[in-house]
Amino acid sequence: MREVLGDRRTILVLLAPALAIYTLVMLVPMLWSLGYTVFDGSVISGFQFAGLDNFSRLFSDPKIADALWFTVKYAVVITVGQVLFGYVLSLLYVFVLKRASALIRTLVFFPVVMPTVAVALLFQKLFEVAPQTGPVNALLNAFGLESVNWLGDPGNAFVVLAVMDIWRSMGFYAVLLYAGLIDIPEDVLEAARLDGASGWRLVRNIVIPLSFPVLISSLIFSINGTLKVFDSIYALTGGGPGTATTPLTLAMYRTSFASGDYGYGATIALALTVLSLLVTLLIFKTSRRDLTQG
Amino acid sequence: MTTTPLIAPHADLRTGERPAPRPRRRRRPMRTLRKLPLYAVVALLLVSVLYPLVWLVLGAFKTQDEFLNSPTWALPEDFTNLANFGDAWGSVSQYLLNSTLAVFPALLVMLVIGTAAGFALEIMVWKGRNTVLLVFLVGIMVPWQMILLPLFTVYFQAGLTQTLWPLIITYTATGLPLTVFLMATYFRAIPREVFEAATLDGASMLRSLVSIAFPMMKNAIFTIALVQFFFMWNDLLIALTFTTRDELRTVQAGLLNFTGEFGVVQYGPTFAAICINVLVILAIYLFLNQRVMRGMAAGAVKG
């Protein structure tokens, strides 16, 4: 039995294709990209050894400092927004709508699978000022307020971005957290209700502690995605106005492919990787500690 | 991610509803009144989700004149005006074709070799399989920006940037880590005795994989296929980086280009182009929404 289940040739035949493609297309390029960080130039112009220049440039580059700050700001705001809206929705599904929630769950989830660019173009038009007054500004006008130049101002552009990304993903987090909430045993809730807990107190003292593990994994998943955000920003604002909404991913893309600076681009990519590993580790550690303390 | 699955492997796969609440004792009119704010919240939610989509579809029927001179919430004057769709279809059909040609071969190859690898890592018994699984997990954690530059160099020097091959290859590889990891998790649920029995009956492990594992895993494979389909179809970063010619653009990269081509001022065709792409996804989603939702949630918790 051992021989058949542990047959080396079969293992090789089954594993080799996946491992080979994965190694060639992902692992080797990762290491290769590390190598690029000590070079200057691009595939078209050729490479020169640059030592640690790219790293010293990284730490003194105000554009990178801005991009890093924006990445962190975006990740915190959007992660909190996504998980919070998702959680409120999932509570709505489980405790209020109950069996009627299936249709609403399905509808609210749909934007999750829409192409990001389609969503971004749609939101550009929704928040448009001129030549057409978009629905959002039309609504403001109806209340007697002035139209707002949504995408032309850094602060407003961030608001539109936040609204769009939360609109796009709240259905996903709602379904994710919903799966956690329906796992809370009904008798625990019943017991708490008999003890007089209801509404907010039930949620705060029973539901949140019991769904804490799912909340944490949602947070980790969300922050991992938001730190790597590219599609929605590239399509909605293109990083603008100016570079006001440029995260590290977009800075890396621009540096590498618009300016043809591979070495520096690879250095930014490395910084991004380190950042996302650190953040995941941090959340994981803190959540572990909290869980043991109960 | 190295997170231990915080939800039991299959708990998130079911759409179990809670048991029906016990019948209420009395129904008072007060109850309906108290629920009024709640109905308002649900209505607001539905409007905020649905109105942008409805507005999008309506826009696809409007003429340029209506866009510029009628209020934005006005209905189109002529619902039989399909000119916008006609204008958009030429390029959009090319984008759809490119996406199809890039995504489906990648999806097929990835599923076959990913399932085989998951089988080798979970059912077969050998030293070092946990290490290999961890190596695959690295691919889930590290941002794709880390692999773009070397890959572009290779594709460029091999002269592949004039074809769809870079997309097919890259999609296959980037989809593998999650697929292998999920398949390994799903295989864990099949008792190894099943395969031991098959072996006693004289089946080789390859035979067991084809005749037993594949049929038993049909649902899991389909769910993963569906989730990965959406990831690949909606990818922008890879499509943008590796397609240099207009004729090769996928749905996402093409839509971005579309506004450029017609200028931002050409509303109708842009709306129609977005609309076609959303409808394609909607058609798939309408049939498979429960599976899509479950699959995506499963991928997230384990990913």
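This is a predicted model: local features need pLDDT of at least 70, side-chain atom pairs count only at pLDDT 80 or more; totals for chains, interfaces and linings use all residues.
User: Now the surface. Which residues make the nonpolar patch?

Analyst: Leu68(A), Trp69(A), Val72(A), Val76(A), Val80(A), Leu84(A), Phe85(A) and Val88(A). Together they make a patch of about 760 Å².

User: Take Trp69(A). Which helix is Trp69(A) found in?

Analyst: Helix H4 of chain A, residues 62-97.

User: And is Trp69(A) buried or exposed?

Analyst: Exposed. The relative accessible area of Trp69(A) is 57%, and the cut-off for exposed is over 50%.

User: Which residues are closest to the centre of the largest cavity?

Analyst: Phe221(A), Gly225(A), Lys228(A), Trp144(B) and Phe231(B). They are among the 48 residues that line the largest cavity.

User: What about pockets? How much space lies in the second largest pocket?

Analyst: About 840 Å³. The lining has 24 residues. Closest to the centre are Trp167(A), Leu44(B), Leu45(B), Val47(B) and Ser48(B).

User: Which elements give two or more residues to that lining?

Analyst: From chain A, they are H4, helix H6 (116-126), helix H7 (135-142) and helix H8 (154-181). From chain B, helix H2 (36-59) joins them. H2(B) gives the largest share of the lining, 8 residues.

User: Stay with H6(A). How many of its residues are buried?

Analyst: 11 of its 11 residues, so H6(A) is mostly covered by the under 20% cut-off for buried. Among the buried residues are Val117(A), Leu121(A), Phe123(A), Gln124(A) and Lys125(A).

User: Let's do charges. How many salt bridges are there over all chains?

Analyst: The structure holds 7.

User: Start with Arg168(A). Which residue does Arg168(A) form a salt bridge with?

Analyst: Asp165(A). The closest N and O atoms are 3.0 Å apart. Both residues lie in helix H8 of chain A. They are 3 residues apart, about one turn of the helix.

User: Is Asp165(A) buried or exposed?

Analyst: Buried. Its relative accessible area is 1%.

User: What about helix H9 of chain A? Which residues there lie 3 residues apart?

Analyst: Glu190(A) and Arg193(A), about one turn of the helix apart. H9 covers residues 186-194.

User: How accessible are Glu190(A) and Arg193(A)?

Analyst: Glu190(A) is partly exposed, at 25% relative accessible area. Arg193(A) is also partly exposed, at 34%.

User: Last stop, chain B. Which residue does Arg249(B) form a salt bridge with?

Analyst: Asp246(B), with the closest N and O atoms 2.6 Å apart. Arg249(B) is buried, with a relative accessible area of 15%. Asp246(B) counts as partly exposed at 43%.

User: And which residues do shared partners join into one network?

Analyst: Glu186(A), Glu190(A) and Arg193(A).

Technical notes:
Residues are numbered from 1 along each chain as its sequence is written. Chains are lettered from A and ligands numbered from 1 in the order in which they are written. Side-chain values use heavy atoms; hydrogens and water are left out. Patches are made of residues with over 30% relative accessible area and no salt bridge: like charges are joined within 9 Å, nonpolar side chains (Val, Leu, Ile, Met, Phe, Trp, Tyr) within 5 Å. Accessible areas come from the Shrake-Rupley method with a 1.4 Å probe; for residues, only the protein chains shown count as cover. A salt bridge is a side-chain nitrogen of Lys or Arg within 4 Å of a carboxyl oxygen of Asp or Glu. Helices (H or I, at least four residues) and strands (E, at least two) are DSSP runs, numbered from the N terminus. Buried means under 20% relative accessible area, exposed over 50%, partly exposed in between (1.4 Å probe, protein chains only). On a 1 Å grid over the protein atoms alone, a cavity is a set of points where a 1.4 Å probe fits but cannot get out, and a pocket is an open set with protein on both sides within 12 Å along at least five of seven lines; lining residues have an atom within 4 Å of a point. Grid points are joined across faces, edges and corners, and a volume is the space filled by probe spheres set on the points.
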